[in-house]
Amino acid sequence: MKILECRKMGADCDYVVKGKTLAEVRKKMWAHARSAHPQILKGMTTKKRAQMEKMMSKLVREVK
């Protein structure tokens, strides 16, 4: 199981995404961001989105 904490992405938020794969975790994190943090995504450039994807890859943790 892989997890990613929204707080680690820079938001003041306790939401934690869980998934079997990195792709699943990313998908869930973007969905969460769209619903809970639209102000962060507003006007986000393609370059910034790519940076966020890299950050997700680095910050995702494996848990048993």
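## The sheet

How many bridges join strand 1 to strand 3? In this predicted model, strand 1 and strand 3 run antiparallel and are joined by 2 bridges.

## Helix 1

Next, let's turn to helix 1. This helix covers residues 22-36, and at 1.5 Å a residue its 15 residues should span 21 Å; the end C-alpha atoms are 21 Å apart, which agrees. The buried residues here are V25, M29, W30, H32 and A33. They cover an arc of only 160 degrees around the axis, which puts them on the same side of helix 1.

Turned away from the buried side of helix 1 is a face with the exposed residues A23, K27, R34 and S35. The buried residues, for their part, pack against strand 1 (2-5), strand 2 (16-19), helix 2 (38-41) and helix 3 (46-59). For a close-up, pick V25: leaving aside residues up to four places away in sequence, V25 touches K2, L4, V17, K18, G19 and V60.

## Helix 3

Helix 3 has 14 residues and reaches 20 Å from its first C-alpha to its last, close to the 20 Å expected at 1.5 Å a residue. Which residues of helix 3 are buried? They are M52, E53 and M56. Their arc around the axis is only 105 degrees, which puts them on the same side of helix 3.

Among what covers these buried residues are strand 1 and helix 1. The face of helix 3 turned away from its buried side carries the exposed residues K47, K54 and K58.

## The nonpolar core

Finally, look inside. The largest nonpolar core has 14 residues, and those with the most contacts inside it are L4, C6, M9, V25, M29, W30 and M56. Helix 1 and helix 3 are the elements that give two or more residues to this core. Helix 1 gives the most, with 4 residues.

Note on methods
Residues are numbered from 1 along each chain as its sequence is written. This is a predicted model: local features need pLDDT of at least 70, side-chain atom pairs count only at pLDDT 80 or more; totals for chains, interfaces and linings use all residues. Side-chain values use heavy atoms; hydrogens and water are left out. The expected span of a helix is 1.5 Å times one less than its number of residues. Buried means under 20% relative accessible area, exposed over 50%, partly exposed in between (1.4 Å probe, protein chains only). The arc is that of the directions from the helix axis to the C-beta atoms. Contact means heavy atoms within 4.5 Å. Two strands pair if DSSP finds at least two bridges between them. A nonpolar core is a set of buried Ala, Val, Leu, Ile, Met, Phe, Trp, Tyr and Cys residues joined through side-chain atoms within 4.5 Å.
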